[in-house]
Each structure stands twice: as structure tokens, then as C-alpha cells.
Amino acid sequence: MRNDRRHPPLPERPPTAVESLDRGLRLLQMLRDYGSLRVVDAAEQLGVSRSSAHRLLQTLVFRGFAVQDDARAYLPGPSLGAAPAGADRARDLRRLCLPHLEVLSRRSGESANLMIRVGRNVRFLVTVRASTQDATHDRDGVVMPAHEASGGKALLAALPDDEVRQLYPAGSPPGPGAESLAKLLVDVRAARTLGYAVNVEETERGVAAVGTAVHDRWGRAVGAVTVSTRADTFVRRLTPVLLPLLLETRAQVERDLADADLG
């Protein structure tokens with residue numbers, strides 16, 4: 001008997017499909033397949049107005065699934081090809097750190113974040129958003145290049161210089177406006193010496209952040225805690241307010257990690 005290995009038919013579009021979600025998923029497929037996408041092309045293929053296509057694409061940018069180049073074309077973002085994180089380990093780390101982030105956000109009046117490094121990217125596991133009107137955005141689940149985020153730099157600083165170089169074999173970090181590897185190593189060495197790193201409008205216009213790595217009982221950097229704020233208030237608040245609170249939070253998290261067994 002002949003073994004028929006034909007592929008099963010593709011499922012039909014369900015009548016209960018969410019239209020806006022389906023359009024967003026189609027945009028992800030286009031970014032994956034074409035590598036570059038303009039608003040006018042997205043609008044034409046989706047059958048929507050340019051303003052609707054623009055809003056959809058900007059939502060993908062916000063969540064890290066797309067980025068824009070200097071010509072304003074949309075390219076695949078770091079979230080689109082991000083490797084999976086260890087689910088149990090990430091969940092345990094989030095649960096352990098969340099109460100400390102809530103205290104940090106309340107005391108600083110700013111948004112507090114927890115992230116982990118996955119290759120050349122960082123993934124936000126949770127954001128505790130400040131209650132103020134001008135609080136920075138919730139970044140829960142967002143993936144960003146490690147060399148741009150304050151917590152990413154702090155996590156890169158936990159690696160020897162040779163391992164940092166191996167992460168960027170092309171000689172410089174990828175992405176629009178990427179700086180040289182030599183500049184990144186300067187930032188990484190500074191973070192290694194100081195115990196923290198900063199990001200001033202590198203990941204988002206008008207936003208600055210300070211981050212520090214947190215270590216488990218064996219001294220391994222397992223994540224980073226950051227505080228993000230408006231860039232125009234960052235410098236005057238960094239040394240007297242944000243940094244002391246951040247370093248105190250790191251000490252408290254590491255005390256808990258000393259007794260924890262992450263999955």
C-alpha cells in the first residue's frame with residue numbers, strides 16, 4: 001500500500017477571527033518574508049488606509065517586532081527572531097523580583113523593570129509602571145538590543161571582553177545607528193567598574209534609564225533591574241535618588257536569590 005504523505009489542508013479562517021489581530025499577524029509574516037516594508041505597501045496588501053497601516057506598524061515597533069531605518073522603512077525587530085527563554089527560570093525570577101520592583105517604583109516615583117539577556121538581546125520580564133502621568137511605558141515582554149538598554153549593558157559587563165566580541169562577529173552591534181564595538185566595550189568596561197550602566201535616549205526618544213545586574217548564589221548574572229524615567233530629569237535625579245534606590249534593590253534581590261533555586 002502506498003504511503004500518502006500529502007500535507008493536510010490549511011485551516012480555514014474562523015468566523016470569530018479578530019480582524020485587527022489578524023492584520024498584525026499578516027504584517028509580521030510580511031516583515032519575516034520581505035525583510036523590509038513601507039507603509040504604502042502594507043496598506044495595499046492589507047486593504048486598509050495608510051493611517052491604519054501606520055498605527056499597526058507602530059504597535060509592532062513598540063513591542064519590538066519591527067524597527068525603522070533612516071529611510072523610514074520598517075524592518076524585522078529583535079522580538080521577531082528572539083530565541084525562547086527558559087520558561088521556569090524566567091517565571092521564578094519574575095516572581096522573586098516583583099515585590100522588590102514594586103517597592104523600587106513606589107519609592108523612586110518611576111517605572112521599574114526586570115530583564116534577562118538572551119544572546120545579543122534583552123527581554124523584559126516585567127515592568128512595574130509608576131502611577132505618575134508622565135511615567136515611561138510598560139515594556140513587559142518587549143525585546144531590545146542588549147547594547148542599547150541600560151540593563152543589557154550591565155549584563156554584557158558580566159562577560160569577559162572576548163565573549164562580548166564573540167557576540168558581535170561583524171565588528172559592531174547590528175541595527176540602525178549602531179555604534180562601534182570599541183565604543184560598546186568602553187561602555188561595558190565602565191559598567192563593570194561602576195556596577196551599573198545608563199541609557200540616555202538610546203532605546204526611546206525622551207527616555208533614560210539606569211540598570212544593574214543581579215546575581216545568584218554562585219555569582220552569575222541572571223538578570224538586570226532598571227529604573228526608567230524622563231530624559232530631562234534623569235541627570236539631576238540619578239546620583240541623589242535613582243542610583244541609591246537601585247543599588248539597594250539589587251542587594252535585596254540578591255539576598256533572596258542566595259536562598260532561591262531558580263528553575
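Visitor: How many residues apart are E19 and R23 in helix 1, and what does that separation amount to along the helix?

Guide: Please note at the outset that this is a predicted model. E19 and R23 are 4 residues apart in helix 1, which means that about one helical turn separates them. Their side chains meet in a salt bridge, with 3.7 Å from N to O.

Visitor: Which residues form a nonpolar patch on the surface?

Guide: The patch consists of V18, L21 and L25, which together have about 280 Å² of accessible area. L21 belongs to helix 1, which covers residues 19-34. With a relative accessible area of 51%, L21 is exposed.

Visitor: Where do nonpolar side chains tend to be in soluble globular proteins?

Guide: In soluble globular proteins, they tend to be buried together. In this structure, the largest nonpolar core has 30 residues. Those with the most contacts inside this core are L93, L101, L104, L114, V210, V225 and L257.

Visitor: Which helices and strands each supply at least two residues of this core?

Guide: Two helices do so, helix 4 (87-108) and helix 8 (231-258). The strands are strand 3 (111-118), strand 4 (121-128), strand 7 (207-215) and strand 8 (221-230). Helix 8 provides the largest share of the core, 9 residues. There is also a second, separate core of 23 residues, which includes F124, A149, L181 and A197.

Visitor: Which residues does V210 touch, not counting residues up to four places away in sequence?

Guide: One reads such a list by asking where in the sequence the partners lie. The partners of V210 include S150, Y196, A197 and V198. Also among them are V225, T226 and V227, together with F234, L238, L242, L243 and L246.

Visitor: How many salt bridges does a search of the whole structure find?

Guide: The search finds 15 salt bridges. One of these is the pair K153 and E202, whose closest N and O atoms are 2.6 Å apart. K153 lies in helix 5 (residues 150-156) and E202 in the loop between strand 6 (197-200) and strand 7, so the pair ties together parts that are 49 residues apart in sequence. K153 is buried, at 3% relative accessibility, whereas E202 is partly exposed, at 32%.

Visitor: What distance separates the closest N and O atoms of D232 and R230?

Guide: In that salt bridge the distance is 2.7 Å. D232 counts as exposed, at 56% relative accessibility, while R230 is partly exposed, at 32%. Salt bridges may also share partners, and in this way K153, K183, D187 and E202 are joined into one network.

Visitor: Which side chain of opposite charge is nearest to E148, and how far away is it?

Guide: The nearest one is K153, at 9.2 Å. A salt bridge requires the nitrogen and the carboxyl oxygen to be within 4 Å. E148 is buried yet has no salt bridge. E148 sits in the loop between strand 5 (143-145) and helix 5. Leaving aside neighbours within four places in sequence, the contacts of E148 are K153, N199, E202 and T203. Contact is judged on any heavy atoms within 4.5 Å.

Visitor: What is the phi of R72?

Guide: R72 has a positive phi of about 70 degrees, although R72 is not a glycine. R72 is located in the loop between strand 1 (66-68) and strand 2 (74-76), and is exposed, at 55% relative accessible area. E201 likewise is not a glycine and has a positive phi, of about 60 degrees. E201 is in the loop between strand 6 and strand 7 and is partly exposed, at 41%.

Visitor: How many helices and strands are there in the protein chain?

Guide: The chain has 8 helices and 8 strands. Of its 263 residues, 43% are buried. Among contacts with a separation of 6 or more, 55% are between residues 24 or more positions apart. The chain exposes about 14500 Å², of which carbon and sulfur atoms supply 51%.

Definitions and conventions:
Residues numbered from 1 in each chain as written. Predicted model: local features only at pLDDT ≥ 70, side-chain atom pairs only at ≥ 80, totals over all residues. Heavy atoms only, no water. Patch = residues over 30% accessible without salt bridge, like charges linked within 9 Å, V, L, I, M, F, W, Y side chains within 5 Å. Areas by Shrake-Rupley, 256 points an atom, 1.4 Å probe, with all protein chains shown as cover. Buried < 20%, exposed > 50% of the residue type's maximum accessible area, 1.4 Å probe, protein only. Core = buried A, V, L, I, M, F, W, Y, C linked by side-chain atoms within 4.5 Å. Lys, Arg positive; Asp, Glu negative; His and termini not counted.
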